[in-house]
Amino acid sequence: MRRVLRSSVLALATTSAVILSACSSGTQVEDIFSAGGWPGMHADARNSDTSPVTGSRDISLAWTRPIGGPVANYASVAASGQIFLTARTEKGCNLFSFQMESGRKRWCRELGPGVIASTPIVDGAANVYVGENGAINSFNEYGQLRWRTPVVGTPLSAQFTGDGNLLFITQLGQINVVDTQTGEKVVAPYDLIPPPSFTEGVNVPLIPDDQGLDSCFFGSRDCPVANMPAIDLESGKFYFTFFPPDAPEAELVAMKYSGGDNPEITPEWSTDALPGGSASSPTLSGDNSVVYANDNEGKLWALDTANGEPKWSYDIGFASAGSSSVTADGLIIPAGGAGGHLLALQDQGDHAELLWEHSDLLQLGVPAQTANSTGYAVVQEGTDDLAMITFDTRSGEVVDEDTLPGAKGFTVGTSIGPEGEVLTPTLIGELFVFR
């Protein structure tokens, strides 16, 4: 079922925001990602979890190091190879920068504990942007603070917009767009859940900026926005999941940021077509005409970005715990989940075709694809060990396998470096780098 966002919510949200005149962006697309690395949580604006580099089919462990606490998100990588990672530590630093060659720590910073929910995003000058409790921050490549902007909630991983600004959504449902140079808000914040009016807010305690963060992994109503958006740089449309206060489950939502002289944020559509809702970030197709999303009952969905109408769904057999890796020509490799195995689908327009599957390979992470039909995924090895496998994405043939020594549990994302390095942090807090 498709519908527009509730009129009452929109009316209140509009009242709470500065009234801006509507216009199309008319701006030139400016992709300021740190091209050549893995500059954001899911690699790029469309959350593709793919890399343009030619990945090696013969990698080996280069180095590993403990982070000091649990890690919940990917490592991001600048074009220079500089690595950025966040963690939940008992004391001291929780934002880290490492050298790719040696694993040596370049610098670290202590931010609010909510930083664990945010993967740093990197621009072409190796400036990084990362959220914490009640603020978004920017640091230069040497770890010096460039600016800090207060917001409501904790910003999850951000995206760059087509006009070179930074767009992010907090777990409490506040959407902001800020200038990357100054941190100033370029448009009035858009509250998906309108705040109380002046009279309603009398003697009402403020909502803590970290409220519901621990529930974001499960996509429950305690965390209204549980993941980062995918954004179409040309049109300014962006897509994310949202759990409205009066809804039985999370919805997939499309909105639009119009840049230019009169920037504004406007709704496009929302849909509750995904059974059980969704907790993972959506992914856009190469031409931005399709948005892919997992539901919480074991299906992958393809929806028309114009109106949210489903084009097809495919039962992958498990509830995926992350976004899918999707190439520009529609080769889809879903992330693992509870009991999830490795498989590949091809989008055929009106249906998905199964290319191959390995029911014997239990995925314990999120896969990544590179330019030469080479993919990487973490799977279970033996009874409780982990291994990084290298495979041909077209045939499914496993061509290499490397143990993650001492690793247990799950990994939280696979990133690709500018020279084809493969990085994966474990949930319990250790970073493994292969080359």
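This presentation describes selected local features of one predicted protein model.

Good morning. Because the model is predicted, local features need pLDDT of at least 70 and side-chain atom pairs count only at pLDDT 80 or more, while totals for chains, interfaces and linings use all residues. Residues are numbered from 1 along each chain as its sequence is written, and side-chain values use heavy atoms, with hydrogens and water left out.

S138 sits in strand β9, residues 135-139; strands here are DSSP runs of E with at least two residues, helices are runs of H or I with at least four, and both are numbered from the N terminus. Is S138 buried or exposed? S138 is buried, since its relative accessible area is 0%; buried means under 20%, exposed over 50%, and partly exposed in between, with a 1.4 Å probe and protein chains only. Leaving aside residues up to four places away in sequence, S138 touches N127, V128, Y129, Q144, L145, R146 and W147, where contact means heavy atoms within 4.5 Å. The C-alpha atoms of S138 and T149 are 9.0 Å apart, and these residues are separated by 11 residues along the chain.

Beyond residues up to four places away in sequence, S280 touches N227, T241, N294, G322 and S323. With N294, the side chain of S280 makes a polar contact of 3.1 Å. A polar contact is a pair of N or O atoms within 3.5 Å; within protein, one must be able to donate a hydrogen and the other to accept it, and residues adjacent in sequence count only if both atoms are side-chain atoms.

Let us turn to a sheet. Strands of a sheet pair through backbone hydrogen bonds, either parallel or antiparallel. Here, four strands form an open, antiparallel sheet in the order β23-β24-β25-β26; two strands pair if DSSP finds at least two bridges between them. Which strands stand at the edges? They are β23 (325-326) and β26 (352-362), each with a single partner strand, so one side of each has no neighbour in the sheet. Two bridges join β23 to β24, residues 331-333, and S325 has I333 as its bridge partner in β24.

Next come the charged pairs. How many salt bridges does the structure hold? It holds seven, a salt bridge being a side-chain nitrogen of Lys or Arg within 4 Å of a carboxyl oxygen of Asp or Glu. One of them joins R394 and D329, at 2.6 Å from N to O. This pair links distant parts of the chain, 65 residues apart: R394 is in the loop between β29 (385-392) and β30 (398-403), and D329 is in the loop between β23 and β24. R394 is partly exposed at 38% relative accessibility, and D329 is partly exposed at 46%.

D384, D385 and K408 are linked in a network of salt bridges. The closest N and O atoms of K408 and D384 are 3.6 Å apart, whereas K408 and D385 meet at 3.0 Å. K408 lies in the loop between β30 and β31 and D385 in strand β29, so this pair ties together parts 23 residues apart in sequence.

Finally, I428 lies in the loop between β32 (422-425) and β33 (430-434), and I428 is exposed at 57%. Thank you.
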